[in-house]
Amino acid sequence: MPRSTPSSDVAEPAVAHWSEDGEARSARWRSERGAPPPKKIVVVDDRMTADNAFGLAGQGVGILWRGDFQNARQLLHAIAARVDRPRGRKDAPAPPADKSPIDVFNTTRQARSQRARTLGMLLIPLEADYTIPLRRAPDIREACTEAYGPAQDASLVSLRELLGVIGAHEWRVNGIDVPAIGAKIHPHYGVFAPIRSEYVDLVAKAPLPAAMSANRVAFDVGTGTGVLAAALARRGIERVIATDQDPRALACARDNLARLGLAGKVDVVEADLFPEGRAALVACNPPWLPARPSSPLERGIYDADGRMLKGFLRGLAAHLEPGGEGWLIMSDLAEHLGLRSRDELLALIEGAGLKVVDRIDTRPKHPRVSDAADPLHRARKAEVTSLWRLSTA
């Protein structure tokens, strides 16, 4: 899946304010998706009911939890159940009929964004050393340090985000099996994980360009976890230069390549798209959907106006050795959703002075393909992932 892109730099951390025990209090506000702190925060404990919590969250009121941590998790699940079953409410709107794929996509994204805002109202306090001052709370200091950096001061964070931090730490520790490289990749927090392995299979099996016999150098543009750079290095390519501009991705790729014993074959460099020079093979797996990301974590999937795709195609010819190839790894999901047409993609390729040598297709096998309850099921069922072999025209 596409690599991540840099998260927004914030000069001064946001601060959450509330009143507790008759005193005005404040703490650093943490939100990876860039949500502002709730304007109103109420302090609650285990006596809070799911219905009342749902009502407060739906109004944008922050719910600062002071009860048992495991009870907070149960409450979050209860709120989610109420969000996900709107038909039981008298004020629930009837679903529109005969919507186009792009309308379904936009409606689905809006619903998910609203869901994230509502669930994000259940807040957990963190001490200055990332301990949680609640009963039965887990020790998440290592996970938070990986996600947020060294501990500095007390803070508030949504339980939903905190569970994501914990889950990311577990992935980082356990790794994800990637059969195409015969090993595991360990994603870092904020770097898109290669849970869809079909695109790695394409890179591992596509025929190498003839120019590779004279120039054993390849570029991996937007490396993310480093998984494609690893796949190329595993194929015997003498030198791979992997680029990214997100500090989290750069650290993640270097960590993975060191784990795999490939640090001597792969150079990970900070760059916006291309490194300096030319290569016989330049691979890129850009975000597949031309839409605005709603959070930094979504930037591995969504790229407004297809900036990375267009930048890769426009700059490819200048970075290819004679007879070299650019490998564009893309899903056609955007086409099935009405976000971009095949003709538009071909026009971008032609306009960049490139031609299609070949296209190798495969079908994804992830669980959503067979999930008929997914509003985007029809598009996902038709989806094809392709490796476009491009050369200079």
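Colleague: Which residue in strand 2 does E20 stand opposite?

Modeller: E20 stands opposite E23 in strand 2. Before we go on, this is a predicted model, in which local features need pLDDT of at least 70 and side-chain atom pairs count only at pLDDT 80 or more, while totals for chains, interfaces and linings use all residues. Residues are numbered from 1 along each chain as its sequence is written, and side-chain values use heavy atoms, with hydrogens and water left out.

Colleague: How do you know that strand 1 and strand 2 pair?

Modeller: Two strands pair if DSSP finds at least two bridges between them, and strands themselves are DSSP runs of E with at least two residues, just as helices are runs of H or I with at least four, each numbered from the N terminus. Strand 1 and strand 2 (residues 23-30) have six bridges in the antiparallel sense, so they count as paired. The two form a hairpin with two residues between them, and D21 in the turn has a positive phi of about 55°.

Colleague: Why is the contact between D68 and R136 called a salt bridge?

Modeller: The term asks for a side-chain nitrogen of Lys or Arg within 4 Å of a carboxyl oxygen of Asp or Glu. For D68 and R136 the closest N and O atoms are 2.9 Å apart, so the pair qualifies. D68 sits in the loop between strand 4 (62-65) and helix 2 (69-84), and R136 in the loop between strand 5 (122-126) and helix 4 (141-148), 68 residues apart.

Colleague: What makes D374 and R112 a salt bridge?

Modeller: Their closest N and O atoms are 3.8 Å apart, so this pair also meets the cut-off. D374 lies in the loop between strand 14 (354-362) and helix 12 (377-382) and R112 in helix 3 (residues 101-119), so the pair ties together parts that are 262 residues apart in sequence. R112, at 33%, is therefore partly exposed.

How values were computed: Buried means under 20% relative accessible area, exposed over 50%, partly exposed in between (1.4 Å probe, protein chains only).
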